[in-house]
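Here is a short note for a colleague who is opening this model for the first time. The points below go from the overall layout to single residues.

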Amino acid sequence: MWVRKSAEIISVEAAEKEQSVRSFSTPLKIAAVSTAAAAILFSLGVRVGGGGIFHLKPPGTEYIRQNPWSLGLVFVIVFVWTYLKQRTTGESELMPSTNALLCPRCFEAHPPGTDLCPCGGQPEPLSHWEWRDEEEEAREAAR
Ligand SMILES: [Zn+2]
(Lines give C-alpha, C1' and ligand atoms only; values in the text may rest on other atoms or scores of the structure.)
Protein backbone atom coordinates (compact mmCIF):
# COMPACT_ATOMS: atom_id res chain seq x y z
CA MET A 1 0.00 0.00 0.00
CA TRP A 2 1.07 3.58 -0.51
CA VAL A 3 2.03 5.46 2.64
CA ARG A 4 2.79 9.18 2.75
CA LYS A 5 6.25 9.89 4.14
CA SER A 6 6.45 12.16 7.16
CA ALA A 7 7.09 15.88 6.56
CA GLU A 8 10.46 15.43 8.27
CA ILE A 9 11.57 12.65 5.90
CA ILE A 10 10.33 14.63 2.89
CA SER A 11 12.33 17.70 3.90
CA VAL A 12 15.47 15.66 4.70
CA GLU A 13 15.22 13.96 1.29
CA ALA A 14 14.66 17.31 -0.45
CA ALA A 15 17.78 18.71 1.27
CA GLU A 16 19.80 15.62 0.27
CA LYS A 17 18.63 15.99 -3.31
CA GLU A 18 19.47 19.69 -3.34
CA GLN A 19 22.94 18.82 -2.04
CA SER A 20 23.48 16.10 -4.64
CA VAL A 21 22.43 18.52 -7.41
CA ARG A 22 25.08 21.03 -6.23
CA SER A 23 27.75 18.39 -5.68
CA PHE A 24 30.81 18.31 -7.94
CA SER A 25 31.41 14.66 -7.17
CA THR A 26 29.40 12.98 -9.96
CA PRO A 27 30.48 15.42 -12.74
CA LEU A 28 34.11 14.96 -11.63
CA LYS A 29 33.79 11.17 -11.80
CA ILE A 30 32.15 11.28 -15.23
CA ALA A 31 34.76 13.75 -16.50
CA ALA A 32 37.59 11.55 -15.17
CA VAL A 33 36.16 8.42 -16.83
CA SER A 34 35.59 10.33 -20.10
CA THR A 35 39.15 11.66 -20.03
CA ALA A 36 40.51 8.16 -19.49
CA ALA A 37 38.36 6.90 -22.37
CA ALA A 38 39.62 9.78 -24.56
CA ALA A 39 43.24 8.92 -23.67
CA ILE A 40 42.62 5.32 -24.76
CA LEU A 41 40.93 6.42 -28.00
CA PHE A 42 43.70 8.95 -28.75
CA SER A 43 46.41 6.34 -28.19
CA LEU A 44 44.50 3.97 -30.49
CA GLY A 45 44.76 6.66 -33.16
CA VAL A 46 41.25 8.14 -33.07
CA ARG A 47 41.17 11.90 -33.74
CA VAL A 48 38.34 14.35 -34.07
CA GLY A 49 38.88 16.60 -37.04
CA GLY A 50 37.10 19.63 -38.42
CA GLY A 51 33.32 19.36 -38.39
CA GLY A 52 33.39 16.64 -35.75
CA ILE A 53 34.58 13.99 -38.19
CA PHE A 54 36.54 11.10 -36.75
CA HIS A 55 39.87 10.20 -38.31
CA LEU A 56 42.00 7.18 -37.68
CA LYS A 57 45.75 7.71 -37.31
CA PRO A 58 48.45 5.15 -36.52
CA PRO A 59 48.18 4.11 -32.85
CA GLY A 60 50.61 5.60 -30.32
CA THR A 61 50.86 7.99 -27.40
CA GLU A 62 52.82 10.63 -29.33
CA TYR A 63 49.73 12.76 -29.93
CA ILE A 64 48.91 12.90 -26.21
CA ARG A 65 52.52 13.76 -25.33
CA GLN A 66 52.58 16.54 -27.93
CA ASN A 67 49.06 17.82 -27.10
CA PRO A 68 48.46 17.27 -23.37
CA TRP A 69 45.84 20.05 -23.48
CA SER A 70 43.60 17.80 -25.61
CA LEU A 71 42.84 15.62 -22.57
CA GLY A 72 42.42 18.69 -20.36
CA LEU A 73 39.93 20.02 -22.89
CA VAL A 74 37.95 16.76 -22.81
CA PHE A 75 37.91 16.88 -18.99
CA VAL A 76 36.76 20.52 -18.83
CA ILE A 77 34.07 20.14 -21.52
CA VAL A 78 32.61 16.95 -20.01
CA PHE A 79 32.76 18.36 -16.46
CA VAL A 80 31.08 21.68 -17.35
CA TRP A 81 28.44 19.98 -19.52
CA THR A 82 27.60 17.34 -16.89
CA TYR A 83 27.53 19.86 -14.04
CA LEU A 84 25.29 22.33 -15.90
CA LYS A 85 22.96 19.53 -16.95
CA GLN A 86 22.77 18.35 -13.34
CA ARG A 87 21.96 21.88 -12.11
CA THR A 88 19.37 22.63 -14.81
CA THR A 89 17.53 19.30 -14.77
CA GLY A 90 17.81 18.99 -10.98
CA GLU A 91 19.01 15.45 -11.16
CA SER A 92 22.32 13.74 -10.94
CA GLU A 93 23.53 11.65 -13.87
CA LEU A 94 24.16 8.62 -11.66
CA MET A 95 21.05 9.10 -9.51
CA PRO A 96 18.13 9.77 -11.84
CA SER A 97 14.96 10.71 -10.03
CA THR A 98 11.36 10.50 -11.06
CA ASN A 99 9.03 13.44 -11.60
CA ALA A 100 6.00 11.17 -11.65
CA LEU A 101 2.95 12.11 -9.61
CA LEU A 102 0.67 9.97 -7.49
CA CYS A 103 -2.99 10.63 -6.76
CA PRO A 104 -3.49 10.52 -2.95
CA ARG A 105 -7.11 9.37 -3.39
CA CYS A 106 -7.00 6.53 -5.92
CA PHE A 107 -3.19 5.98 -5.98
CA GLU A 108 -3.01 6.15 -9.77
CA ALA A 109 0.33 7.33 -11.12
CA HIS A 110 0.30 10.38 -13.41
CA PRO A 111 2.84 12.03 -15.68
CA PRO A 112 4.45 15.30 -14.51
CA GLY A 113 2.21 18.34 -15.00
CA THR A 114 -1.10 16.59 -14.24
CA ASP A 115 -3.23 18.99 -12.17
CA LEU A 116 -6.26 16.85 -11.54
CA CYS A 117 -6.84 13.12 -11.43
CA PRO A 118 -10.04 11.81 -13.10
CA CYS A 119 -11.15 10.75 -9.59
CA GLY A 120 -10.97 14.37 -8.40
CA GLY A 121 -7.76 14.02 -6.37
CA GLN A 122 -4.80 16.34 -6.72
CA PRO A 123 -1.70 14.39 -7.74
CA GLU A 124 1.40 14.86 -5.56
CA PRO A 125 5.07 14.08 -6.24
CA LEU A 126 5.64 10.33 -6.06
CA SER A 127 8.75 11.06 -3.99
CA HIS A 128 6.46 12.04 -1.09
CA TRP A 129 5.14 8.49 -0.95
CA GLU A 130 6.59 5.10 -0.31
CA TRP A 131 5.33 1.64 -1.12
CA ARG A 132 4.99 -0.70 1.82
CA ASP A 133 4.36 -4.36 1.51
CA GLU A 134 1.30 -5.16 3.62
CA GLU A 135 2.55 -8.63 4.57
CA GLU A 136 5.88 -7.19 5.62
CA GLU A 137 4.03 -4.53 7.60
CA ALA A 138 2.00 -7.19 9.41
CA ARG A 139 5.16 -9.17 10.18
CA GLU A 140 6.83 -6.08 11.59
CA ALA A 141 3.78 -5.26 13.70
CA ALA A 142 3.81 -8.81 15.09
CA ARG A 143 7.41 -8.46 16.26
ZN1 LIG B 1 -7.17 9.79 -8.40
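1. Terms. The model is a predicted one.

2. Secondary structure. The protein chain contains five helices and seven strands. Their order along the sequence is β-α-α-β-β-α-α-β-β-β-β-α. The radius of gyration of the protein chain is 23 Å, well over the 15 Å given by the globule rule for 143 residues, so the chain is more spread out than a compact globule.

3. Along the principal axes, the C-alpha atoms of the protein chain fill a box of roughly 65 × 40 × 25 Å. Of the 143 residues in the protein chain, 10% are buried.

4. Domains. The domain assignment divides the protein chain into domain 1 (7–89) and domain 2 (98–142). How far apart do the C-alpha centres of domain 1 and domain 2 lie? The distance between these centres is 37 Å.

5. Helix H1. Helix H1 covers residues 7–22, which is 16 residues. From its first C-alpha to its last, H1 reaches 23 Å, close to the 22 Å expected at 1.5 Å a residue. The number of buried residues among the 16 of H1 is zero, so this helix lies largely in the open.

6. The nonpolar core. Which residues make up the largest nonpolar core? There are five: Ala31, Ala38, Phe42, Val74 and Val78. Helix H2 (25–43) and helix H4 (69–89) each supply at least two residues of this core. H2 gives the largest share, three residues.

7. Ala31 and its surroundings. Ala31, one of the residues of that core, touches Phe75, Val78, Phe79 and Thr82 when residues up to four places away in sequence are not counted. Val78 is also listed in the core.

8. Ser25. This residue is found in helix H2. Is Ser25 buried or exposed? Ser25 has 10 other C-beta atoms within 10 Å, and the limit for exposed is 12 or fewer, so Ser25 is exposed. Ser25 and Tyr83 are 58 residues apart in sequence, with 9.4 Å between their C-alpha atoms.

9. Pro59. The loop between strand S3 (54–56) and helix H3 (62–66) holds Pro59. With 12 C-beta neighbours inside 10 Å, Pro59 counts as exposed. Leaving aside neighbours within four places in sequence, Pro59 is in contact with Ser43, Leu44 and Gly45. Pro59 and Trp81 are 22 residues apart in sequence, and their C-alpha atoms are 29 Å apart in space.

10. The open sheet. Three strands form an open sheet, ordered S5-S4-S6, with antiparallel pairing. S5 and strand S6 (124–125) are the edge strands, each pairing on one side only. S4 and S6 run antiparallel and are joined by two bridges. Which residue is the bridge partner of Leu102 in S6? The partner is Glu124.

11. Phe107. Most residues other than glycine have a negative phi. Phe107 is partly exposed, with 14 other C-beta atoms within 10 Å.

12. Arg4. Strand S1 (residues 2–4) contains Arg4. With 13 C-beta neighbours inside 10 Å, Arg4 counts as partly exposed. Beyond neighbours within four places in sequence, Arg4 is in contact with His128 and Trp129. Arg4 and Pro123 are 119 residues apart in sequence and 13 Å apart in space, C-alpha to C-alpha.

Definitions and conventions: Residues are numbered from 1 along each chain as its sequence is written. This is a predicted model: local features need pLDDT of at least 70, side-chain atom pairs count only at pLDDT 80 or more; totals for chains, interfaces and linings use all residues. Helices (H or I, at least four residues) and strands (E, at least two) are DSSP runs, numbered from the N terminus. The radius of gyration is taken over C-alpha atoms; the globule rule is 2.2 Å times the number of residues to the power 0.38. A residue is buried if 20 or more other C-beta atoms lie within 10 Å of its own, exposed if 12 or fewer, and partly exposed in between; C-beta atoms are placed from the backbone. A nonpolar core is a set of buried Ala, Val, Leu, Ile, Met, Phe, Trp, Tyr and Cys residues joined through C-beta atoms within 7 Å. Two residues are in contact if their C-beta atoms, placed from the backbone, lie within 7 Å. Domain bounds come from an automatic or database domain assignment. Two strands pair if DSSP finds at least two bridges between them. The expected span of a helix is 1.5 Å times one less than its number of residues.
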